[in-house]
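The following explanation is meant to be read alongside the sequence and the coordinates.

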Amino acid sequence: MSLDVTVRGTTIPADELTWRFSRSPGPGGQSVNTADTRVELSFDLATSTVLPEPLKRRALGALGGRLTNGVLTVTASEYRSQLRNREAAAARLAELLTEATAPPPPPRRATKPSRASVERRLAAKQRRAKTKKLRRSSASDD
């Protein structure tokens, strides 16, 4: 694992990433109240010049709900070591940005149902209607 964040072949330089450390919740042993192992990794997506413009537009659209003033923040606190949490945060940011910059799927081609499938559907509806009709009580039973 490394602390590099690579998105579709483009490595984000370290000066565009902001790291913050704080005390992590959960177990920690003797160093539980002294070690700042929780990691917050922030990347200013809106003002970044590293990503090509089309990828940046795609990422801003896809991550709109996760951004705070154009800044994407990822946290990691699952490990007891700060280094492993840094690696986890970097990997998480890279994965988020890679998914957000993915090209849109090809448009769906409209197709018409086959004649056999239409006939099967209608036959099933008729069988179901007949079953329900047989369950009804007739008016002469009263």
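Is Arg38 buried, exposed or partly exposed? With a relative accessible area of 23%, Arg38 is partly exposed, where buried means under 20% relative accessible area, exposed over 50% and partly exposed in between (1.4 Å probe, protein chains only).

The model is predicted, so that local features need pLDDT of at least 70 and side-chain atom pairs count only at pLDDT 80 or more, while totals for chains, interfaces and linings use all residues. Residues are numbered from 1 along each chain as its sequence is written, and side-chain values use heavy atoms, with hydrogens and water left out.

Arg38 forms a salt bridge with Glu40, in which the closest N and O atoms are 3.1 Å apart; a salt bridge here is a side-chain nitrogen of Lys or Arg within 4 Å of a carboxyl oxygen of Asp or Glu. Glu40 also meets the side chain of Arg20 in a salt bridge, at 3.3 Å from N to O. This second pair links distant parts of the chain, since Arg20 belongs to strand β3 and Glu40 to strand β4, 20 residues apart. Strands (E, at least two residues) and helices (H or I, at least four) are DSSP runs, numbered from the N terminus.

Arg92 counts as partly exposed because its relative accessibility is 31%, and Glu78 counts as partly exposed at 44%.

Helix α2 itself can now be considered. At 1.5 Å a residue, its 19 residues should span 27 Å, and its end C-alpha atoms are 27 Å apart, which agrees; the expected span is 1.5 Å times one less than the number of residues. At the N-terminal end, Ser81 caps α2, with a side-chain oxygen 3.3 Å from the backbone nitrogen of Leu83. The buried residues of α2 include Asn85, Leu93, Leu96 and Leu97. Among the elements that cover the buried residues of α2 are β3 (17-22), β4 (38-44), α1 (53-62) and β5 (71-76).

Which residues surround Asn85? Leaving aside residues up to four places away in sequence, Asn85 touches Thr37, Arg38, Val39, Ala76, Ser77, Glu78 and Tyr79, contact meaning heavy atoms within 4.5 Å. Asn85 lies in α2 (residues 82-100) and counts as buried because its relative accessibility is 0%. A polar atom of its side chain lies 2.8 Å from the backbone oxygen of Thr37, and a polar atom of the Asn85 side chain lies 3.4 Å from the backbone nitrogen of Glu78. Asn85 and Arg38 are 47 residues apart in sequence and 6.8 Å apart in space, C-alpha to C-alpha.

Thr37 lies in the loop between β3 and β4 and counts as buried because its relative accessibility is 10%. Beyond residues up to four places away in sequence, the contacts of Thr37 include Ser22, Ser24, Arg80, Ser81 and Asn85.

Key
A polar contact is a pair of N or O atoms within 3.5 Å; within protein, one must be able to donate a hydrogen and the other to accept it, and residues adjacent in sequence count only if both atoms are side-chain atoms.
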